[in-house]
Amino acid sequence: MAIATINPTTGETMKVFEPLTEEEIAFKLGLAQRTFEQYRHTSLAQRAEWLNAAAKILLDERNHFGKIITLEMGKPIAAAMAEVEKCALVCRYYAENAAEFLKDVAIDTDASHSFIRYQPLGIVLAVMPWNFPFWQVFRFAAPGLMAGNVGLLKHASNVPQSALAIEDILLRAGFPKGAFQTLLIGSEKVAQIVEDDRVKAATLTGSEAAGASLASVAGKQLKKTVMELGGSDPFIVLESADLDTAVSTAVTARMINNGQSCIAAKRFIVQESIAEAFTEKLVAKYAALKVGDPLNPETDIGPLATPTILKELDAQVRACVKQGATLLIGGDPQIVSTKSIVALQHGNFYPPTILTDIPPDASANQEEFFGPVALLYRVPDIDAAIQLANSTPFGLGASAWTQVSEDRDRFMAELESGSVFINGMVKSDPRLPFGGIKRSGYGRELGREGIHEFVNIKTVWVK
Ligand code: NAP
């Protein structure tokens, strides 16, 4: 895949980048290693000062960075700027809390003195996706740099300007040259970097296929990895729920990022007794959503990031209908392009879509739909809801709506996922660990757990 900015709204190729040569890759790896040997001895206070400076740059220039994001991957401009602000938040969070997370932990044993010390590992490779091109990187970089590691970023090939902007922000903030470098390379170069002795660990956010590929290379080298992969999160609504709030949140939870979020609610599992009312309200809200130019502040949903994603989503929806599902709204990219102005006709637009009556053996039940498509199911009771929710290969997040405390307890205990949100949508928050189980991956980002993924948890025992 070419490393290029191709505006998803117009199809225009705006900037193409040459991938790094072998010599350039070797130089950057050498620089990263030399920098690590010095950087690991910098104080936490110094690192925090640099990270706070990065937060300030992000906030001061949010309009500029927001525009880069929207032009590269198509999310509405307000959401792009909110993403930049969230990056500042995660920088400040780790600047403030890393010293506490990384301090020695005393443990009573038969020694006169025994404790845990957290030490950096070295170079960590981050392979990142385009969907939150700033946030995914900062949620790795902020804890990693505070822990004393140095980072190499292999970003998705369609967001090179975001990737370069992030390296520039961290440099301008004061981090030493080499503490965080962007590698403009294709995915075929990832294996050789993971295999390099100087690279100690890797993290990947993206598809199952990419995750499995990197994890197997790292496994052969016995290197630690964290995998943040796909999801098909359930959004369960029982009859005791506040219906209006649940429906409004359902729309936001599915449509966030033009429907291209790993933790978007993708399967709506509604109790039979309220299913009619829920469906009616959901369809009405979908019909009112404005699809169009993401730089227009009135737009709710911009284009999908690439023509391939559009093609794949379209094929998934068509297959589901062919297998017996009913379309309640949307379902055809033409619905958008015929309504849109000429300039948008080359964009990757897909309309808000709801599929229901999905047969139990339909492939959709086992897949991730990465776009504005909701799968709607009816169930008689909480037992059926939990069973259906757990019946996919994924286990990222889950949202469940009920006012009954016994039901809440069952959701917390029985839903197979990395997080459960009761009466709210699944979202990431610097203070809370984030990650999945099953084929959604392993390991955690954010919170205390996130900074401990890439450190040597050294046991010290002194008699
Ligand atoms: P993707 O195709 O897997 O790409 C993600 C990154 O992996 C890109 O940098 C890509 O580089 C690279 N890559 C692709 N194939 C690779 C391989 N064989 N070896 C090494 N690297 C490889 O995923 P995507 O389409 O960009 O992102 C969508 C997926 O990410 C969805 O499944 C979504 O749910 C998941 N996601 C998960 C989380 C989470 O936190 N759990 C968050 C966001 C997204 P190129 O661009 O050069 O191909």
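Predicted model: local features only at pLDDT ≥ 70, side-chain atom pairs only at ≥ 80, totals over all residues.
1. Three strands make up an open sheet, arranged in the order E3-E4-E20, and their pairing is antiparallel. At its edges lie strand E3 (105–106) and strand E20 (455–462), each of which pairs on one side only.

2. How many bridges join strand E4 to E20? Strand E4 (residues 113–120) is joined to E20 by eight bridges, with the two running antiparallel.

3. Now to the second largest pocket, whose volume is about 700 Å³. Its lining counts 36 residues, and those closest to the pocket centre are Ala 79, Ala 82, Phe 132, Ile 256 and Asn 257.

4. Which helices supply at least two residues each to this lining? They are helix H4 (77–102), helix H5 (135–146) and helix H9 (243–255). H4 gives the largest share of the lining, with eight residues.

5. Sorted by class, the lining of the second largest pocket holds 21 nonpolar residues, along with eight polar and seven charged ones.

6. Finally, a word on domains. Domain 1 (4–229 + 438–462) and domain 2 (233–422) each contribute at least three residues to the lining of the second largest pocket.

Technical notes
Residues numbered from 1 in each chain as written. Heavy atoms only, no water. 1 Å grid on protein atoms, 1.4 Å probe; cavity = no way out; pocket = protein on both sides within 12 Å on 5 of 7 lines; lining within 4 Å. Points joined across faces, edges and corners; volume = space filled by probe spheres on them. Helix = DSSP H or I, 4+ residues; strand = E, 2+ residues; numbered from the N terminus. Nonpolar A, V, L, I, M, F, W, Y, C, P; charged D, E, K, R; others polar. Domains from an automatic or database assignment. Pairing = 2+ DSSP bridges.
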